[in-house]
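Reader: Can you walk me through how this one is put together? I'd like to hear about helix packing and the ligand site.

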Amino acid sequence: MRTLITYIMVFPRRSAFVLFALLVAGVAEGLSLTALLPLLSIAVGESSGESGIGKFMVDILQKIGIEPTLDMILIIIVAGMFTKGLILLLANRQVGYTVAHVATALRLSLIEALLASRWQYYLRQPVGSLANSVATEAYRAANGFEHSVIVLALAIQVLVYAVVAVFISWEATLASLLIGLFLLLVLHRLVRATRRAGASQTQLLRYLLAYLSDVLNSVKSLKAMARDNVADAILHDQTKQLEKATRHEVMSRAALMALQEPILAAITAAGLYLALVIWELSLPEVMVMVFLLTRILGLLNKTQRKYQQLAVQESAYWALRKAAEDAAAAAERNSGTGEPTLDQHIVLQNVQFSYGEKSIFDNLNLEIPIRTFTAVTGPSGVGKSTLIDLLCGLAEPDSGEVLIDGKPLHDIDLRKWRHMIGYVSQDTILLHDTIVNNILVGEPALTEADAERALRKAGAWEFVSALPDGMQSVVGERGGMLSGGQRQRIAIARALAHDPAFLIMDEPTSALDPESEKNICETLQQLSSQLTIIAVSHQPAVINAADRVFILSHGEAKTLSHG
Ligand SMILES: Nc1ncnc2c1ncn2[C@@H]1O[C@H](COP(=O)(O)OP(=O)(O)OP(=O)(O)O)[C@@H](O)[C@H]1O
């Protein structure tokens, strides 16, 4: 029930629209069936001109100039059904479009919240379970939306039907509704069982996909050590559990379907016996009772089946919504509005930083003047990458300041500051695409001329222009058709394409041979006359090429002087 209400509150306009479409279809059906009333009134022995709803219908028909003969009434019923079919077609189309829209809206809300979340939060999210949220959960949640609107439309239809039925026989209507409610209550256990099965499917799918993506990412090393069977066993086990949950769902669904009809038949048979044998009602009266009973109960049964389907899918909606809400709660702070400039220096002043209990910097102080090449070195795990995160605003100091031209970074518009940064990560992965696309990576503001200029600056133009297809050459899977040094130059060109003022490089030469490393270092030295560079590195060649070197140790930075 909560899901149903929530869906409608989250998508009010679309729900109203779909509901309206479904109701119009229902009313069309209702109207065409109302035309049955004169027939029924004849059936119960009322002469069509005397009293009640039959007379009402006859009057209306006569007023619009239609004589209520049997053939005319039958034509109206059939025409009504055709109209209903047409309206239903339009309504279903609307439902389909809306479901697609709901899935897209849910996906986007999660993706946007995640991309806007703090880096530390983002790092903790398993990729597989995110992929699962965006793919399966959004799809299931959108189907849940469809079912909830249908449940609502059917419930309203039951109500409308009951109102019409009261005019024919209030006793039969009351009896139908009471029996219907009793049936709903008796079979509700099956709905609850389906809900539990749906919730465990949602949970298991998350685990399974999170684990699967981890395994697939490291499959080579697992295979090489013949340990893929362990992963295989775990995946096998999780898949089996998922199958079990699906079986429970299928069983409850099938049981509900299977039980509804016989119970309904038994009730109808008992009613018939009572009416005909014990109460000795007339056959036409009994016919009316049976007609209303089966119609109302049929609709109620259908409502419950749809509600059961909603119960399977609702957990996907809640899981997805929780993921999006958690990500939104962990949104990156960007309260700064200051316009960034980089005309003087970047300074870290008395910076303290820790990951939870683990202290990384106690009192970090360092200065990076503009148009210099600064190298940062230190033992593994000392906090070099963390320093870079602080400079980009991906991490915030617990105390102390990151100052850009003397302005605290938290007062500066973070996005504008990041636009001024060119970043080359430790593990740059080139896309299986052309060189130019690898440099522009879809940035609409950049042109091929920017890519060429960046390649020249990165010292890569010589080898790129010598390729048969130049910048249009495809680099292969992960850039496999280029050498390590060439890949690194493409990565540098990518970081330079938007003309950054500050170039950050994490281990720029760790995978290179001495010759390529020397070339990259020369390029960085040349570039430092135009922009500010910081490179994290263990490599002596980089340290020697830099203008200034800081060694991180014990939470502080010490300057290394060299000639
Ligand atoms: N997101 C995180 N949550 C908790 N601890 C972290 C996180 N990121 C890094 N650490 C820890 O903080 C310490 C510093 O990590 P960092 O990656 O900055 O070191 P590093 O000097 O760059 O190491 P390396 O040279 O091995 O890349 C490490 O001990 C690491 O385990």
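Author: Here is a short chat about the helix pairs and then the ligand shell. This is a predicted model, with local features needing pLDDT of at least 70, side-chain atom pairs counting only at pLDDT 80 or more, and totals for chains, interfaces and linings using all residues. Residues are numbered from 1 along each chain as its sequence is written.

Reader: How are α7 and α8 oriented to each other?

Author: Helices here are DSSP runs (H or I, at least four residues), strands too (E, at least two), numbered from the N terminus. Helix α7 (residues 127-168) and helix α8 (residues 170-217) have axes 11 Å apart and an angle of about 175°; axes are lines fitted to C-alpha atoms, for helices over the stretch in contact, and angles run from 0 to 180 degrees between N-to-C directions. Angles over 145 degrees count as roughly antiparallel, and 65 to 115 as roughly perpendicular. So α7 and α8 are roughly antiparallel.

Reader: And what about α1 and α7, how do they sit?

Author: Helix α1 (residues 2-10) packs on α7 at about 100°, the axes being 9 Å apart. That makes the pair, therefore, roughly perpendicular.

Reader: Which residues in α7 does α1 meet?

Author: Contact means C-beta atoms, placed from the backbone, within 7 Å. From α1 come Thr3, Leu4 and Tyr7. Their partners in α7 are Gly144, Phe145, Ser148, Val151 and Leu152.

Reader: Which element gives the most to the shell around the ligand?

Author: Residues count as near if the C-beta atom, placed from the backbone, lies within 6 Å. Among those around the ligand are Gln120, Tyr355, Lys358 and Lys384. Elements giving two or more residues are α6 (119-123), β2 (358-369) and α12 (384-392). The top contributor, with three residues, is α12.

How values were computed: Angles under 35 degrees count as roughly parallel, over 145 as roughly antiparallel, 65 to 115 as roughly perpendicular and the rest as oblique. Two residues are in contact if their C-beta atoms, placed from the backbone, lie within 7 Å.
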